[in-house]
Amino acid sequence: MSLIISIIMMILVLILNLISKKSFYDREKNSPFECGFDPKNLARLPFSLHFFLIAIIFIIFDVELTLFLPMILIIKTSNLNILLSCLSFFIFILLVGLFHEQNQGSLNWTNH
């Protein structure tokens with residue numbers, strides 16, 4: 001019985017969505033996305049390599065946060081000296097990479 005009710009509700013929501021579909025175009029909807037692509041042009045156009053480098057740096061620092069999260073659970077069961085040395089070494093590697101990117105000029109938007 002509940003399966004029939006849920007299917008009827010899904011069909012009603014789908015029909016209401018199709019009926020109330022708003023199709024208006026304004027300047028923001030037709031403007032390029034944040035990445036600089038124009039949605040009406042070809043998808044094979046070259047894009048800025050600088051944007052790609054910033055995206056990769058963001059992904060690296062996003063992934064390192066997921067590597068830090070298990071450390072919260074390990075704090076009570078592990079040796080704090082070993083944990084502190086591992087975390088310090090990990091942060092040191094990240095900072096060296098960040099300083100290298102800064103020295104290469106990848107983080108300067110005004111140069112590109």
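Biologist: Which pattern does the protein follow, read along the sequence?
Modeller: Helices (H or I, at least four residues) and strands (E, at least two) are taken as DSSP runs, numbered from the N terminus. The protein has 4 helices and 0 strands. Read along the sequence, the pattern is α-α-α-α.

Biologist: Good to know! From which number are the residues counted?
Modeller: First, please keep in mind that this is a predicted model: local features need pLDDT of at least 70, side-chain atom pairs count only at pLDDT 80 or more, and totals for chains, interfaces and linings use all residues. Side-chain values use heavy atoms, with hydrogens and water left out, and along each chain, as its sequence is written, the residues are numbered from 1.

Biologist: How much of the protein is made up of buried residues?
Modeller: A residue is buried under 20% relative accessible area, exposed over 50%, and partly exposed in between (1.4 Å probe, protein chains only). Of the 112 residues in the protein, the buried share is 6%.

Biologist: And which share of the accessible surface belongs to carbon and sulfur atoms?
Modeller: Accessible areas come from the Shrake-Rupley method with a 1.4 Å probe, and for residues only the protein chains shown count as cover. The accessible surface of the protein comes to about 10300 Å². The share belonging to carbon and sulfur atoms is 71%.

Biologist: Let's visit helix H3. Which side chain of opposite charge is nearest to Glu64?
Modeller: Glu64 lies in helix H3, residues 49-74. Lys and Arg count as positive and Asp and Glu as negative, while His and the chain ends are not counted. Glu64 is buried yet has no salt bridge (a side-chain nitrogen of Lys or Arg within 4 Å of a carboxyl oxygen of Asp or Glu). The nearest side chain of opposite charge is 22 Å away, and it is Lys76.

Biologist: Which residues is Glu64 in contact with, leaving aside neighbours within four places in sequence?
Modeller: Contact means heavy atoms within 4.5 Å. With those neighbours left aside, the contacts of Glu64 are Phe90 and Leu94.

Biologist: Staying with H3, is Ile57 buried or exposed?
Modeller: Ile57 is found in helix H3 and touches Glu101 and Leu107, not counting residues up to four places away in sequence. Its C-alpha atom is 8.5 Å from that of Leu98, 41 residues apart along the chain. With a relative accessible area of 14%, Ile57 is buried.

Biologist: What relative accessibility does Leu83 have?
Modeller: Leu83 is found in helix H4. Leaving aside neighbours within four places in sequence, Leu83 is in contact with Met71, Ile74, Ile75 and Ser78. Leu83 counts as buried, as its relative accessibility is 8%.

Biologist: Lastly, how much accessible area do the residues of the nonpolar patch have together?
Modeller: Patches are made of residues with over 30% relative accessible area and no salt bridge; like charges are joined within 9 Å, nonpolar side chains (Val, Leu, Ile, Met, Phe, Trp, Tyr) within 5 Å. Among the members of the surface patch are Leu49, Phe52 and Leu67. Leu67 is partly exposed, with a relative accessible area of 45%. Together, the patch residues have about 820 Å².
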